[in-house]
Amino acid sequence: MSEPRSEDTCPFLREDAEGILCCAIEGDISDLIARSLCAVFRRVSDSGREVLVLADARRVGTLTAAARKVLAEELGGVHFSGVAVFGASFPVRVVTTLAARSVQFFTREIYPLSFFDTEDEARVWLLAQRDALRATRRQGA
């Protein structure tokens, strides 16, 4: 686990012992929050590590238009290995899916995104994504 740097520290994001970026946002996602998230995602991606995101959506609000713009502009070149969202309501799932597709379109980076009811289910899926990616790398080496 790496220590967060002062310029990209997010109070709502932590890296666990497995290297998963655990995110829990309460309320709306503003452009400032999006910019903070992007900085951490970029740092991890630029280091060559897998970017695995576990998002707790149980208390998340809306994704503002300004935040969507930031995500589309700043996530280019970030290689996500998997994004698992748990606890999302139907409207949050719809908005998240649309936002992810928009980001993928503008950044030309396709990544696996999946929704789960529980954190345990989401974590199992993310670890399977990581293990499959590592096995593929070993075979290609």
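Colleague: Which side chains meet in a salt bridge at 3.5 Å, N to O?

Modeller: Those of Arg-93 and Asp-117, where a salt bridge is a side-chain nitrogen of Lys or Arg within 4 Å of a carboxyl oxygen of Asp or Glu. The pair links distant parts of the chain, 24 residues apart: Arg-93 lies in helix H3 (residues 90–107), and Asp-117 lies in the loop between strand E7 (113–116) and helix H4 (119–140). Helices (H or I, at least four residues) and strands (E, at least two) are DSSP runs, numbered from the N terminus.

Colleague: What kind of model is this?

Modeller: It is a predicted model, in which local features need pLDDT of at least 70 and side-chain atom pairs count only at pLDDT 80 or more, while totals for chains, interfaces and linings use all residues. Residues are numbered from 1 along each chain as its sequence is written, and side-chain values use heavy atoms, with hydrogens and water left out.

Colleague: Why does Asp-117 count as exposed?

Modeller: Because its relative accessibility is 60%; exposed means over 50% relative accessible area, buried under 20%, and partly exposed in between (1.4 Å probe, protein chains only). Arg-93, at 26%, counts as partly exposed.

Colleague: How many salt bridges does a search of the whole structure find?

Modeller: It finds 11. Among them, Glu-74 pairs with Arg-35, with the closest N and O atoms 2.4 Å apart. That pair also links distant parts of the chain, from helix H2 (residues 65–74) to helix H1 (residues 31–46), 39 residues apart.

Colleague: Which residues are linked in a network of salt bridges?

Modeller: Asp-16, Glu-119 and Arg-123 are linked in this way.

Colleague: Changing topic, how many aromatic pairs are there?

Modeller: The search of the whole structure finds three. Rings of Phe, Tyr and Trp (its six-membered ring) pair if their centres lie within 6.5 Å; planes under 30 degrees apart count as stacked, over 60 as edge-to-face and the rest as tilted.

Colleague: Why is the pair of Phe-80 and Tyr-111 tilted?

Modeller: Because the planes of the two rings are at 45°, with the centres 5.0 Å apart. Phe-80 is in strand E6 (residues 80–86) and Tyr-111 in the loop between H3 and E7, 31 residues apart.

Colleague: Are those two residues buried or exposed?

Modeller: Both Phe-80 and Tyr-111 are buried. Together with Phe-41, they form one aromatic cluster.

Colleague: What about Phe-116 and Trp-125?

Modeller: They form a tilted aromatic pair, 5.7 Å centre to centre with 45° between the planes. Phe-116 and Trp-125 are buried.
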